[in-house]
Amino acid sequence: NKKPENYRRVLQRYNIKPERFMMIGNALRSDIKPVVEIGGNAIYIPAGLAWAHEQAELDSTHFAKLDHIGQVPAYIKQLEG
């Protein structure tokens, strides 16, 4: 149940600041948007097919769109640098 309030509760439980949390997912609406809404970071890797209800507009510097999961390590290294 990927809702902002659930992410907040889990992060609070484990004493993790939202800006130190990252979600990797293939659905903008259900994977990426809730995490960005709480101040977390996200990597969006589009799937070949997407359901219409997963379409979303997201204007944020807290997420990146990558072509495939193999690009994740380089992206994270770039963030650290």
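## Strand pairing and the crossover

Strand S1 (residues 22–25) pairs with S2 in the parallel sense over four bridges, where pairing requires that DSSP finds at least two bridges between two strands. Helices (H or I, at least four residues) and strands (E, at least two) are taken as DSSP runs and numbered from the N terminus. Within this pairing, Met22 stands opposite Asn41 in S2, and Met23 stands opposite Ala42 in S2. Between S1 and S2 the chain passes through helix H2 (residues 28–37), and this β-α-β crossover is right-handed; the term applies if, with the strands pointing away from the viewer, the path from the first strand over the helix to the second runs clockwise.

S2 is also joined to strand S3 (residues 63–65) by three bridges, and these two strands run parallel. On the S3 side, Lys65 is the bridge partner of Tyr44.

## Basis of the model

This is a predicted model, in which local features need pLDDT of at least 70 and side-chain atom pairs count only at pLDDT 80 or more, while totals for chains, interfaces and linings use all residues. Residues are numbered from 1 along each chain as its sequence is written, and side-chain values use heavy atoms, with hydrogens and water left out.

## Overall composition

The chain contains three helices and three strands, which follow the pattern α-β-α-β-β-α when read along the sequence. Of its 81 residues, 33% are buried, that is, under 20% relative accessible area, with exposed meaning over 50% and partly exposed in between (1.4 Å probe, protein chains only).

Among the contacts (heavy atoms within 4.5 Å) with a separation of 6 or more, 38% come from residues 24 or more positions apart. The accessible surface of the chain is about 6,000 Å², and carbon and sulfur atoms account for 51% of that area, as computed by the Shrake-Rupley method with a 1.4 Å probe, where for residues only the protein chains shown count as cover.

Helix H2 contributes the buried residues Leu28, Asp31, Ile32, Pro34, Val35 and Val36, and their cover includes H1, S1, S2 and S3. After H2 comes Gly39, which has a positive phi near 95°.

## The loop between H1 and S1

Tyr14 lies in the loop between helix H1 (4–13) and S1, and Tyr14 counts as exposed because its relative accessibility is 52%. Together with Val10 and Ile16, Tyr14 makes a nonpolar surface patch of about 290 Å². Patches are made of residues with over 30% relative accessible area and no salt bridge, like charges being joined within 9 Å and nonpolar side chains (Val, Leu, Ile, Met, Phe, Trp, Tyr) within 5 Å; a salt bridge is a side-chain nitrogen of Lys or Arg within 4 Å of a carboxyl oxygen of Asp or Glu.

Asn15 is also placed in the loop between H1 and S1, and its phi is near 55°, a positive value in a residue other than glycine. Asn15 counts as exposed because its relative accessibility is 72%.
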